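Here is a short briefing on one protein chain. Look over the sequence and the 3D view, then read on.

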Amino acid sequence: MKSTSRMMVVAAVLLVAAAAFVMPAAARAVVNGDTIFDYESGLDLTAFAANGNQLAKYTDDDPAKGQIFSIPIANAASLDLTAIDLQGNYGTYFLVQNTLNKVYIRDPTVVFGAVLENDITSSIAGKTVTKNTPIAFQFDATEVGTYLTTATVKVELKTPGGGVLTEIPDRLGVLQSFTNHALNAPRTYIRNIDISQLEAGTYSAQAKWQTPGGFSDYATNSNSVSFTVASKEIAIESNKENVVRNNPFVVTVTGDSKTNYYLYIKDASVAAAQYPTIKPGQPSVTITNVAFAGAVDPAADTLANGERATVAGVYVASTAAVVATDAGGKRSIEFATTSQTDDKTFTIKVVDPSDASKYDEVKVKIEEGEVTITAEGAGSYYLGEEVKLSGTNTDSDNVYLFMTGPNLGDGNGVQLNDVTKPASGGNYVQRAVESDDTWEYRWDTAALANTGSVLDAGTYTVYAASNNVDSNGVNVDKSHLSGVKYQTFSVVLKSPYLSLDDIGAVVAKGDKLKLTGVAEGKPDQVQIWIFGKNYRLLGATASVEDDGTFEYTLERADTQNLATGQYYVVVQHPMTDGVFNVFAVAPGSTTVFTISNDWSLTVVDLGGLSASEGATALVDMINSPNCDDTYRKVSFNLEEAWIRIDSIGDKAVGDKFTISGTTNLAVGDDLTVDVTSASFQPTSKDEATSFSGASGTVTVAEGTDYNTWSFDVDASNFKADQYSVTVESVDADVTQSATFNVLEAPATTTAPVTTAPVTTAPVTTAPVTTAATTPVTQPGFGALISLIGLGAVAVLVMRRN
């Protein structure tokens, strides 16, 4: 009985096991908008699809456009993508039967890496590590790690002998497994891998899919990563593989705790100045410029001394040192580079003095930097302007500026701020490079005049160089740039100029006089000179704005007090040097009218000259070859202000017309116009007013001979009457009046309307019996007799009178 029961239990267990063996894996439920992967199977789409439906990928993901690829859904409860060759058509798939439903199909990918355990940002791919260095494996599976977190991979480690490992022992003999690693996040790791028991040599590692089965069978495995396990217990690594010269880099030696090691740059067959150098003053780093000696293993001295950098048999200074590791077995050493450091790969080696077989080395590639130059603006400037030059320099700590141009120096360049000094003589503008590799120089072209330099308008080339000597030690200039990083920028320098806006031939007394114009070259100010009858305004100044414009105003009170007549205006520009070479001895004085200049002791008194002679004397002095200033001159007549009204003529009630006129007031002045009925008079409050008219303000507009004004009138509400027009300046003391009549509107005459006869086709109707009507008597001959009688009576009356 017991035997039978036992057999039944065993049978039941076997049945359960068999059922579990044949039971398919649970289907993955997929809803609208989910992400699925190629090579997945058992996908349950019943949440939005049915058997016989179809998924389709459309052009531009637009269901209104053509299909690119389609997937039939034979079994919505278990879609198997391993049975379908997607041919790389990954992306958005819409349910054809209802395009509001869709899924995203992706290619399952994983990117593999090997990094340092103590610094997971540092890859060891292609590098060497010691057996004492713990490492980590890194897996980047952004999409799988987000949407299919049950997927797993294994790492296969190919040994130097060709074997494949998925687990390795640590120093205690405990196995470290690299299988069934879940990609449950976009980036995952297998951490703290002990490689102390690995044999020395180069290893290759790769992540391979394990689950789901479709991934394992069909999906592409990761990239392979190779690294070398050092044959000795010493290592060296650099914080930078590539270094732009003139920047430092750091190497770190890893070895036994508190142990001395030899560190040196291997010979690279370059000049002494072209090697990187060990920075002095670093703790536990003793620079040696003589041969290594006294090693426990004499072979270490021989090895190191035989490989060190030398020039003509002499060790290159600051390229070797004895370094001591700290308690953690590490020591970092900083190297410096300069703009003269050769752009090539240097090998830095560390050797254990106690065992010459223990060593390691690292390669660092030194690269040339770059120099750039540009200028604020469009590259075209006026002499006298400040030109902002700027750029970058990743090759050195300083930038050296010089320029070339027609007939400058020896043709190979001159100093930027003193064109009398040639670059070949070592003359440059030197600017320090900031910590962000930028530099800047504000070139004041006006200051060139102070150096005795002569720089005409033209096109010039500005050089920005990373060094002041070339690879042969010759001063840098246009012809000597070998081994020097540089860039050029062309600038066009133009002569400053002065323009003066038209002020009109006539100015009315009491009106503002505005002198405006443009002074290019960015001078701080221009000088204003005005000459008139018994009037002098000498050397007044007007500030120049950033856009080159200036304005000087004689106010209304000023012109009101001036005598009528002709006036002469001179506007003076200081040109490139920003200095007025001709000036008033007492600017603004009402008693001292002398002028002088900065190249002689000549003084000219303009007080005793007429207005035209005074202006001519000033212009003659500015025209001197000793003066670089320029000027513009203009004249105007100052007149009593007047306003004229054009003839208006008679108007009718209801007319719309314009009252216009001319004036010598300035364009833009305001005039008030009043049109008033002559019948306007005071009335009692119980009387209806008979006033009608119009009023308003108009602006003076520019005319041909004189300026003009106009005022529109609508006489719809006017009464027939005589009207007066008064036009008055708002600012100047001037008024003008005129009159005109408004007549009753003429009666409207309506012309007779002639209607063309209308011909109507006859209509045939059934006979109708009509009642008799009384005929209407029309005027005829009897009426004519009556009219003749009346006429005879009228004649008799007239004769009697």
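Is Ser466 buried or exposed? Ser466 is buried, because its relative accessible area is 2% and the cut-off for buried is under 20%. Keep in mind that this is a predicted model.

**The whole chain**

- The protein has 801 residues, and 40% of them count as buried.
- Its secondary structure consists of seven helices and 60 strands.
- Take the contacts with a separation of 6 or more: residues 24 or more positions apart account for 69% of them.

**Around Ser466**

- Ser466 sits in the loop between strand 40 and strand 41.
- The side chain of Ser466 makes a polar contact with the side chain of Asp395, at 3.1 Å.
- Leaving out residues up to four places away in sequence, Ser466 touches several residues, among them Ser339, Val371, Asn393, Tyr400 and Val484.
- Asp395 and Lys485 also belong to the residues that Ser466 touches.
- Both Asp395 and Lys485 take part in a network of salt bridges, described next.

**Salt bridges**

- The count of salt bridges comes to 25.
- Which residues are linked in a network of salt bridges? They are Arg245, Glu368, Glu370, Asp395 and Lys485.
- Within this group, Arg245 pairs with Glu368, and their closest N and O atoms are 3.8 Å apart.
- That pair links distant parts of the chain, 123 residues apart. Arg245 is in the loop between strand 21 (242-244) and strand 22, while Glu368 is in the loop between strand 31 (355-367) and strand 32 (374-375).
- Arg245 counts as buried because its relative accessibility is 4%. Glu368 counts as partly exposed, at 32%.
- Another salt bridge joins the side chains of Lys485 and Glu370, with 3.6 Å from N to O.
- This second pair also links distant parts of the chain, and its residues are 115 apart. Lys485 is in the loop between strand 40 (458-465) and strand 41 (486-494). Glu370 is in the loop between strand 31 and strand 32.
- Lys485 has 17% relative accessibility, so Lys485 counts as buried. Glu370 has 46%, so Glu370 counts as partly exposed.
- Arg442 and Glu440 also meet through their side chains in a salt bridge, at 3.4 Å from N to O.
- Arg442 is partly exposed, with a relative accessible area of 42%. Glu440 is partly exposed too, with 35%.

- Val251 lies in strand 22, which covers residues 249-254.
- Val251 counts as buried because its relative accessibility is 0%.
- How many residues apart in sequence are Val251 and Ser238? They are 13 residues apart in sequence, and their C-alpha atoms are 4.2 Å apart in space.
- Leaving out residues up to four places away in sequence, Val251 touches Ser238 and others, including Ile236, Glu237, Arg331, Phe335, Ile348 and Val362.

**The largest nonpolar core**

- The largest nonpolar core holds 34 residues.
- Which residues touch the most other members of this core? They are Phe137, Phe139, Trp209 and Phe227.
- The elements that give two or more residues to this core are strand 8 (111-116), strand 11 (135-140), strand 12 (152-158), strand 17 (187-193), strand 18 (201-211) and strand 19 (224-229).
- Strand 18 gives the most, with four residues.
- Phe227 touches a range of residues beyond four places away in sequence, among them Ala114, Ile124, Val129, Ile135, Leu157 and Tyr203.

**A nonpolar patch on the surface**

- Val585, Val592 and Val603 form a nonpolar patch on the surface.
- Together, these valines have about 220 Å² of accessible area.
- Val592 lies in the loop between strand 49 (582-584) and strand 50 (594-597).
- Val592 has 34% relative accessibility, so Val592 counts as partly exposed.

Note on methods: Residues numbered from 1 in each chain as written. Predicted model: local features only at pLDDT ≥ 70, side-chain atom pairs only at ≥ 80, totals over all residues. Heavy atoms only, no water. Buried < 20%, exposed > 50% of the residue type's maximum accessible area, 1.4 Å probe, protein only. Contact = heavy atoms within 4.5 Å. Salt bridge = Lys/Arg side-chain N within 4 Å of Asp/Glu carboxyl O. Polar contact = N/O pair within 3.5 Å; in protein donor to acceptor, adjacent residues only side chain to side chain. Patch = residues over 30% accessible without salt bridge, like charges linked within 9 Å, V, L, I, M, F, W, Y side chains within 5 Å. Areas by Shrake-Rupley, 256 points an atom, 1.4 Å probe, with all protein chains shown as cover. Core = buried A, V, L, I, M, F, W, Y, C linked by side-chain atoms within 4.5 Å.
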